[in-house]
Amino acid sequence: VGIAGTVVGIGLGIGVLSWVFRSFLPEVLPELGAVVSLASGSYLAAALVGIVATALAPLLTIRRLARMDVPSALRVVE
């Protein structure tokens with residue numbers, strides 16, 4: 001799930017970046033003539049951050065889960 005979310009996030013990020021550059025930049029700064037391009041290091045950094053954050057998220061709740069009284073929590077759900 002973390003890898004899929006990272007891939008979707010990178011794809012949507014590229015789409016939004018391209019849309020902003022193609023829609024607004026020519027109106028605001030037409031003389032700039034910027035080209036949308038991302039380095040491979042940016043893709044790698046985004047992928048690593050997304051995957052590491054997804055992997056660490058369950059570890060951050062271990063203390064809370066250790067203190068939880070599961071049987072009484074399940075009784076409330078019933």
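Thr-6 lies in helix 1, residues 2-23; helices (H or I, at least four residues) are DSSP runs numbered from the N terminus. This is a predicted model, in which local features need pLDDT of at least 70, side-chain atom pairs count only at pLDDT 80 or more, and totals for chains, interfaces and linings use all residues. Residues are numbered from 1 along each chain as its sequence is written, and side-chain values use heavy atoms, with hydrogens and water left out.

User: In which helix is confidence highest?
Analyst: pLDDT is the predictor's confidence in each residue, from 0 to 100. The chain averages 84, and 96% of the residues score at least 70. The mean is lowest, at 76, in helix 5 (residues 70-77), and the highest, 89, belongs to helix 3.

User: Is Thr-6 buried or exposed?
Analyst: Buried means under 20% relative accessible area, exposed over 50%, and partly exposed in between (1.4 Å probe, protein chains only). Because its relative accessibility is 10%, Thr-6 counts as buried.

User: Which residues is Thr-6 in contact with, leaving aside its neighbours within four places in sequence?
Analyst: Contact means heavy atoms within 4.5 Å. With those neighbours left aside, the partners of Thr-6 are Ala-46, Ala-47, Gly-50 and Ile-51.

User: Is helix 1 parallel, perpendicular or oblique to helix 3?
Analyst: Axes are lines fitted to C-alpha atoms, for helices over the stretch in contact, and angles run from 0 to 180 degrees between N-to-C directions. The axes of helix 1 and helix 3 (residues 40-56) come within 9 Å and cross at roughly 140°. Angles under 35 degrees count as roughly parallel, over 145 as roughly antiparallel, 65 to 115 as roughly perpendicular and the rest as oblique. Helix 1 is therefore, relative to helix 3, oblique.

User: How many charged residues does the contact of helix 1 with helix 3 have?
Analyst: Gly-2, Ile-3, Thr-6, Ile-10 and Ile-14 in helix 1 meet Tyr-43, Ala-46, Ala-47, Gly-50, Ile-51 and Thr-54 in helix 3. By class, this contact has 7 nonpolar and 4 polar residues, and the charged residues number none. Here Ala, Val, Leu, Ile, Met, Phe, Trp, Tyr, Cys and Pro count as nonpolar, Asp, Glu, Lys and Arg as charged, and the others, Gly among them, as polar.

User: Is Arg-22 buried or exposed?
Analyst: Arg-22 lies in helix 1. Because its relative accessibility is 67%, Arg-22 counts as exposed.

How values were computed
Helix = DSSP H or I, 4+ residues; strand = E, 2+ residues; numbered from the N terminus.
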